[in-house]
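Dear colleague,

I am passing on the structure below, together with notes on what came out of going through it. Please read the notes with the coordinates open beside you.

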Amino acid sequence: MTTPTATHALPHWDMTTIFPSLSSPEFEAAFSAIVASIDDLNALFDRHNVAQHDAAPLDNATLVAFDDVLQHWNAFLENFRTISAYIHAFLATDTRDNLAQTRVSELEGQSVRVTLLANRFTAWIGSLDVEALISRSKQATEHAYFLHRTQESARHMMSPAEETLAAELHPSGGGGWEKLHSSYTSQITVPIESPTGTTILPMSMVRHLAFDPDRDVRKSAYEAELAAWKRSEVPVAAALNGVKGETVTLSAKRRWPSVLDETLFASNIDRQTLDAMMEAARESFPDFRRYLKAKARALGLPRLAWYDVSAPVGEGVQVWEYDDATRFIVQQFGSYSQRMSDFAARAFRENWIDAEPRPGKRDGAFCMPVRLDESRVFTNYKSTYGGMSTLAHELGHGYHNMNKADRTPLQKATPMTLAETASIFCETIVRHAALKDATPAEQLSILEASLQDSFQVVVDITSRFLFESRIIDKRRERELTADEFCAIMLDAQRETYGDGLDDNLHPFMWAVKPHYYRVGLAFYNFPYMFGLLFGLGLYAQYLQDREPFKRNYDDLLSSTGLDDAAGLASRFGIDIRTTAFWRSSLDVIRADIDKFDGLVG
């Protein structure tokens, strides 16, 4: 592949295929229809007495009611997802958009009503004889896994009055704190000093300077970033205290043994699986520190500082302009299957991607389902191998969504542990392809980008897990100060990064990562590690026996809402409750570290 020099305009996603605009009559009509659907569902629930009640034998009237309610509930959720995704697409790309802010607020008001309906539905299922229901209803049989999980969720519900109050308070409670963090941090601007003067940049662009080849630029950006977080620490710390306070309170009220137990249930894994994975991760830390030391040698440094972790390695390596990245992804997805290649080509052709970093746009990358088999991919594209790899990763999520398109919304519900399966798989496809014909310098750069991601997902994720565990324990007793958050974060980084870095760490990572501010699901960290290592394990299976794997893989993706992680893994002969499996996945990364170490010399 050539090394292009031209700079191409990066695309914005096309949402006009859904509705012309947020202010269009078509959107207004669709939003009004959603509100009317909520009214209709309330009436339907009232008519069928959908609520918690004393257990009773399953009669024909209840059977008819279940089928009617489930059908209408699924249909509503499908439409509600499209409306929600459409509105949030505008806010994600410009948090200063006042109309989008207004629409989100309107949606939140309706979301409270939806939550109340969901609570009624859950309590109702908890009151039914689920096994009898599954034996007599085709719809129930098709939703058996969902029904069993819903029955367990019902055991952890507060009283109907308390659940109603929690839902109604959410927008001004944890949800309000989550929104504050998102809106406030995306609009932080940072003054950067340089020999030519002072430049004011959005926080997302300052953080992108961590990838700059000039160490002075990286250091200056790091110092300016920390100073900006220090200036912003009061509202951000208040937001974190607010979110975690609500999480701790509701988890205890719902009688979960711990917040972690609640998250494990939501993640479709058990404590044995988590412990096995985390043990294997800790065993790998010396290898990752070996990678950091090799990177320091490659950069001519005695030891890396925090601001060197994302530095590019090598000179004159390939620039991955966006257009070249799209062609490469389509081609390499085709090396796996024509279906996967056609999917990627369609995503690019129909403008599903928003790639340009710009003021007001949130940092990071994600993929969201929109309707049927359509998704939208959000990224802040950089013309590097990492930028291309991230794009392939997010398209993997879209491919996963496409494979679930024929499932109902209740069958599609996929925990984060399994949501990373296709994305890691697709990322691994392009990495192997990029390495195949690369020069030694390019191999070094590609391996470095891949190892940097793996390091973040195994080592940094462990530091985030430790941090969140500790602040949740302390938040049960009182609020924490920004200084305390910083101290706990530094302790977690020292435990995990060890002597791989010098003393220049990042005490404000708790302010950077939006994952800590997600209400309703704490520990939004270890599922990423699960996803990486599970995806690598599946890719290893693919290399061993390609055709049988292909016959099962798309079905696995379509079924991630139909079984727990252990059950799905067993289809490929994988036991995720043993440390051996996780060690074998980490062995793939160790081999890359060995190769990287050898290339650095």
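Tyr 553 is buried, because its relative accessible area is 0%, where buried means under 20% relative accessible area, exposed over 50% and partly exposed in between, with a 1.4 Å probe and protein chains only. This is a predicted model, in which local features need pLDDT of at least 70 and side-chain atom pairs count only at pLDDT 80 or more, while totals for chains, interfaces and linings use all residues. Residues are numbered from 1 along each chain as its sequence is written, and side-chain values use heavy atoms, with hydrogens and water left out.

Tyr 553 belongs to helix α24, residues 546–558; helices (H or I, at least four residues) and strands (E, at least two) are DSSP runs, numbered from the N terminus. When neighbours within four places in sequence are set aside, Tyr 553 is in contact with Tyr 336, Thr 421, Ala 422, Phe 425, Leu 538 and Phe 572, contact meaning heavy atoms within 4.5 Å.

Another buried side chain is that of Ser 341, which counts as buried because its relative accessibility is 7%. Ser 341 sits in helix α15, residues 338–349, and, with neighbours within four places in sequence again left out, is in contact with Val 330, Phe 333 and Gly 334.

Next, the helix pairs. Helix α2 (residues 60–93) and helix α3 (residues 98–127) have axes that come within 11 Å and cross at roughly 155°; axes are lines fitted to C-alpha atoms, for helices over the stretch in contact, and angles run from 0 to 180 degrees between N-to-C directions. The two helices, α2 and α3, are therefore roughly antiparallel to each other, given that angles under 35 degrees count as roughly parallel, over 145 as roughly antiparallel, 65 to 115 as roughly perpendicular and the rest as oblique. The crossing of α2 and α3 is left-handed, a term that applies if the near helix is turned anticlockwise from the far one by less than a right angle, with right-handed used if clockwise. By class, the contact of α2 with α3 has 20 nonpolar, four polar and one charged residues, where Ala, Val, Leu, Ile, Met, Phe, Trp, Tyr, Cys and Pro count as nonpolar, Asp, Glu, Lys and Arg as charged, and the others, Gly among them, as polar.

The pair α19 and α20 packs at an angle of about 160°, with axes 9 Å apart, and α19 is therefore roughly antiparallel to α20. Here too α19 passes α20 in a left-handed crossing. On the α19 side, Glu 427, Arg 431, Ala 434 and Leu 435 meet Gln 443, Ile 446, Leu 447, Ser 450 and Asp 453 of α20, and the residues of this contact divide into four nonpolar, two polar and three charged.

For α1 (residues 25–47), 23 residues at 1.5 Å a residue should span 33 Å, which agrees with the 32 Å between its end C-alpha atoms; the expected span is 1.5 Å times one less than the number of residues. Its buried residues, Phe 27, Ala 30, Phe 31, Ile 34, Ile 38, Leu 41, Leu 44 and Phe 45, pack against α2 and α3. Just after α1, Asn 49 takes a positive phi of about 55°.

For α8 (residues 174–186), the 13 residues should span 18 Å, and the end C-alpha atoms are 18 Å apart, which agrees. The buried residues of α8, including Gly 174, His 181 and Thr 185, pack against α3, α9 (203–208), α10 (215–231), α11 (233–253) and α22 (509–512).

For α26 (residues 579–600), the 22 residues should span 32 Å, in agreement with end C-alpha atoms 31 Å apart. Among the buried residues of α26 are Trp 582, Arg 590 and Asp 592, and the buried residues of this helix pack against α13 (271–298), α19 (421–436), α20 (440–475) and α23 (526–544). Gly 601, which follows α26, has a positive phi near 80°.

Finally, two loop residues. Asn 351, in the loop between α15 and β3 (353–354), has a positive phi of about 55° although it is not a glycine, and is partly exposed, with a relative accessible area of 35%. Phe 523, in the loop between α22 and α23, likewise has a positive phi of about 55° without being a glycine, but Phe 523 is buried, with a relative accessible area of 3%.
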